[in-house]
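Dear colleague,

Please find below the structure that I am handing over to you. My notes on what was found in it follow directly after.

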Amino acid sequence: MVVSIGASNDSNLQVTDFILMGFPGIHSWQHWLSIPLGLLYLLALMANVMILLTIWKETVMHQPMFYFLAVLALVDMGLSSTIMPRILAILWFNARTINLSECFFQIYAIHVFLGLESGIFLCMALDRYVAICHPLRYPTVITEGFVLKATLFMVVRNGVLVIPVPVLAARRLYCSRNEIDHCLCSNLAVTSLACDVRKANSIFQLSVAWILMGSDMGLIILSYALILLAVLKLHSAKAASKALSTCSSHIILILFFYSVIVVLPITHSAKGKVSLIPVLLNVLHNVIPPALNPIVYALRTHEIKVGILKLVRLAEVRK
C-alpha cells in the first residue's frame, strides 16, 4: 500500500507498510518450515525457562557465574521472541503485512538483543578470567553487585548506541517498492527498498557492529588467551583440565555465535538477487543459539545437570 506525500507528482510516493515475502525461492512450500522452526522456538523457550528455574531453586548456584547464565537465558528468550512469532504468523496465517513502526522496532530489537548476547558472553569470559587467573581476588571482584552493574551497563550500551540504526532507516524515502524478500525486518533488507541513498545507514551499522561486537570479540579472545597462558603454567594436569572444563561450554557457544556474525555480512554483501541461504542463516542465527545455549550448559555443567534432574523428579512426584 502506498500513499501520496507530494502534491501532484505520482512519482513522489511513500509506502505505509511493508510486505514480508518470507523465504526467497521457496514461497510455494515455505509453510513446511514452520514445523522445524516452531519446534526450535518451543525448545528455546522451554530450555531457557528450565535453566532459570534451576538457578532459582538451587541455592548452590546462587553465585555470579550462574547469574550471568540466567541473564543469558533471558536475552535468548528475548532474541528468539523478537522474530519467531512474526515468522510463524507468516508461515501459518500468511500474515505478511507489517507497518513501518513495527518493522523499524523489530530492527531495533534484533540489534539490541544481538548486542546483549555478545555483551553477556564478554561478561562470562571476564568471570572465567578472574576465577582462573586471579582466584584469590575472585570473591571480592566478581560479586552480585558486579553482575548487576555489568548487566545494566550492557543494556544501556546497546539500547542507546543502536537507536540511530532504525532512526536512519526510518528517515529514508520508500517509494513504490514495499515487498521485502525476507521473513523479518533486517536493516539491510529494508533499506535496500529506499529510493534515496542509504550509504549513511550502511556506514553506521558497520560502525556499530565493530564498536559493539568487534570490541566484545577482541576482549573475549584476549581473556581466553590469558586463561590459556595461566593454565599452561599449572604443574598439575588435573588442575589444568578442571580449569579448562569450566570454560569449554562457553567457548563452544562463542565460536558458533561469532562465526555466524562474521558470515552474515559476507553473504548479504554478495551481488545479485537475494538468495535463500543468507535469509535462512539470519533466521537460524536468531533461534538456534537460544535453543543451543541451555542444552550445552546443561550437558557440560554438573550443577545445572543435577538441578534439572531434581526438577524433573519433582515434577514426576507431583503427577
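Residues 208-231 are 100% helix and 0% strand, with end C-alpha atoms 34 Å apart. Helices (H or I, at least four residues) and strands (E, at least two) are DSSP runs numbered from the N terminus. This is a predicted model, in which local features need pLDDT of at least 70 and side-chain atom pairs count only at pLDDT 80 or more, while totals for chains, interfaces and linings use all residues. Residues are numbered from 1 along each chain as its sequence is written, and side-chain values use heavy atoms, with hydrogens and water left out.

The span 208-231 is among those that UniProt, in an unreviewed entry, lists as "transmembrane region"; the others are 31-53, 65-93, 105-126, 146-169 and 243-266. UniProt positions are given in the numbering used here, feature names are shortened, and annotations may be inferred rather than shown by experiment. Over residues 31-53, the chain is 87% helix and 0% strand, and the end C-alpha atoms are 33 Å apart.

The model also contains an open sheet of three strands in the order S4-S3-S5, with mixed pairing. Strands S4 (97-99) and S5 (179-180) stand at the edges with a single partner strand each, so one side of each has no neighbour in the sheet. Helix H3 (residues 100-133) packs on this sheet and touches S3, S4 and S5, and its direction makes about 85° with that of S4. Contact here means heavy atoms within 4.5 Å; axes are lines fitted to C-alpha atoms, for helices over the stretch in contact, and angles run from 0 to 180 degrees between N-to-C directions.

Strand S3 (residues 17-20) is joined to S5 by two bridges, and these strands run parallel. Two strands pair if DSSP finds at least two bridges between them. Leu20 has Ile180 as its bridge partner in S5. Three bridges link S3 to S4, and here the strands run antiparallel; Phe18 has Ile98 as its bridge partner in S4.

In a regular strand the side chains alternate between the two faces of the sheet. From S3, Asp17 and Ile19 point one way and Phe18 and Leu20 the other, and all are buried (under 20% relative accessible area, with exposed over 50% and partly exposed in between; 1.4 Å probe, protein chains only).

Two loop residues also deserve mention. Asn94, in the loop between helix H2 (64-93) and S4, has a positive phi of about 55° although it is not a glycine. Ser176, in the loop between helix H6 (164-170) and S5, is likewise not a glycine and has a positive phi of about 75°. Ser176 is partly exposed, with a relative accessible area of 45%.

With kind regards
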